Amino acid sequence: MPGFPIMKHVFIVTFGRTGSTALLKALNAIEGACIRGQNGALLCSLADAAETLADRHRERSGNRARLTGNPWYGIGEAEPDAFADALAETFVTHVLRPPAGTRLAGFKEINYTDETLSDRSFDAVIRFMLTRFEDPHIIFLTRDPAEASQSGWWQDRDSDVVTDVLEMTIERFERAHAAHPERSFLIDHAQFDRNPAGLVPLLDWLGEALPEPVLADALEERLLHLN
């Protein structure tokens with residue numbers, strides 16, 4: 001495991017216009033929490049790099065790779081696990097940069113649609129989250145595709161195309177959640193839209209609690225953001 005301090009890591013995996021900013025604000029109201037916003041899907045790139053090295057090390061390591069005349073010379077000397085751990089540690093230290101006293105660290109990201117990220121890359125980043133960070137918790141956040149397609153920048157695209165993309169993305173989230181039920185939580189925007197109590201099951205899963213007025217304030221912030 002990486003050398004950063006032991007803490008719970010929370011990753012909000014979602015797509016645009018799901019109420020993720022409200023959820024972000026609510027989680028940051030937890031004492032000792034530092035959940036950052038989007039970072040351009042940077043972790044996906046790091047996960048791909050770790051996966052690539054692991055694949056090449058497995059496929060190309062052998063006696064011939066020890067010869068200087070081999071195009072894969074030295075690949076057997078690489079350390080895929082150490083490389084992946086170092087990438088995760090660097091991400092926490094230099095991107096998330098949780099302040100002293102943080103016990104919940106993480107971020108939210110919307111770039112997980114099936115048209116943005118290949119299945120291979122999606123599987124890779126989920127694996128990376130689950131294996132390279134201390135006490136990982138993945139929140140899969142969804143919203144009704146037809147409703148989302150009429151919100152924000154989605155409105156600038158053909159609604160049928162957007163709906164298809166989001167339906168496939170939700171299916172992707174559901175499969176990942178089914179594969180990792182103990183380490184992930186599936187929640188839909190409708191469960192907490194104007195309903196602070198709708199976030200309570202998620203908080204229970206995280207082992208946390210917040211007063212309902214704090215949750216209500218987060219949802220009000222979401223409404224202001226939409227306007």
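A residue counts as buried when its relative accessible area is under 20%, as exposed when that area is over 50%, and as partly exposed in between, with a 1.4 Å probe and only the protein chains taken into account. By that rule Phe 140, at 0% relative accessibility, is buried, and 46% of the 227 residues of the protein chain are buried as well. The model is a predicted one, in which local features need pLDDT of at least 70 and side-chain atom pairs count only at pLDDT 80 or more, while totals for chains, interfaces and linings use all residues. Residues are numbered from 1 along each chain as its sequence is written, and side-chain values use heavy atoms, with hydrogens and water left out.

**Overall build**

- The protein chain has nine helices and five strands, where helices (H or I, at least four residues) and strands (E, at least two) are DSSP runs numbered from the N terminus.
- Read from the N terminus, these elements follow the order β-α-β-α-α-β-α-β-α-α-β-α-α-α.
- Taken along the principal axes, the box filled by the C-alpha atoms of the protein chain is roughly 65 × 45 × 30 Å.
- The accessible surface of the protein chain is about 11,300 Å², and 49% of that surface belongs to carbon and sulfur atoms; such areas come from the Shrake-Rupley method with a 1.4 Å probe, and for residues only the protein chains shown count as cover.
- Contact means heavy atoms within 4.5 Å, and among contacts in the protein chain between residues at least 6 apart in sequence, 77% join residues at least 24 apart.

**Aromatic residues**

- Ten aromatic pairs are present in the structure; rings of Phe, Tyr and Trp (its six-membered ring) pair if their centres lie within 6.5 Å, with planes under 30 degrees apart called stacked, over 60 edge-to-face and the rest tilted.
- One of these pairs joins Phe 140 and Phe 173, whose ring centres are 5.5 Å apart and whose planes stand at 35°, so the pair is tilted.
- Because Phe 140 lies in strand S4 (residues 136-142) and Phe 173 in helix H6 (residues 159-179), this pair ties together parts that are 33 residues apart in sequence; Phe 173, like its partner, is buried, with a relative accessible area of 0%.
- Phe 185 and Trp 205 also form a tilted pair, with 5.5 Å from centre to centre and 40° between the planes.
- That pair links distant parts of the chain, 20 residues apart, with Phe 185 in strand S5 (residues 184-188) and Trp 205 in helix H8 (residues 200-206); Phe 185 is buried at 16% relative accessibility, whereas Trp 205 is partly exposed at 22%.
- One aromatic cluster is formed by Phe 11, Phe 91, Phe 107, Phe 128 and Phe 133.

**Residues with positive phi**

- Most residues other than glycine have a negative phi.
- Arg 17, although not a glycine, has a positive phi of about 70°; Arg 17 sits in the loop between strand S1 (8-13) and helix H1 (20-28) and is buried, at 17% relative accessibility.
- Ala 41 has a positive phi near 60°, lies in the loop between strand S2 (33-36) and H2, and is buried at 12% relative accessibility.

- Gln 38 is in the loop between S2 and H2 and is partly exposed, with a relative accessible area of 42%.
- Although Gln 38 and Ile 110 are 72 residues apart along the chain, their C-alpha atoms are separated by 7.3 Å; leaving aside neighbours within four places in sequence, Gln 38 is in contact with Lys 108, Glu 109 and Ile 110.
- Cys 44, in helix H2, is buried, with a relative accessible area of 3%.

**The largest pocket**

- The largest pocket holds about 200 Å³ of space; a pocket is an open set of points on a 1 Å grid over the protein atoms alone, where a 1.4 Å probe fits and protein lies on both sides within 12 Å along at least five of seven lines, and lining residues have an atom within 4 Å of a point.
- Its lining has 13 residues, of which Ala 50, Glu 51, Arg 127, Thr 131 and Arg 132 lie nearest the centre.
- Helix H2 (42-60), helix H3 (80-96) and helix H4 (119-132) each supply at least two residues of this lining.

How values were computed
Grid points are joined across faces, edges and corners, and a volume is the space filled by probe spheres set on the points.
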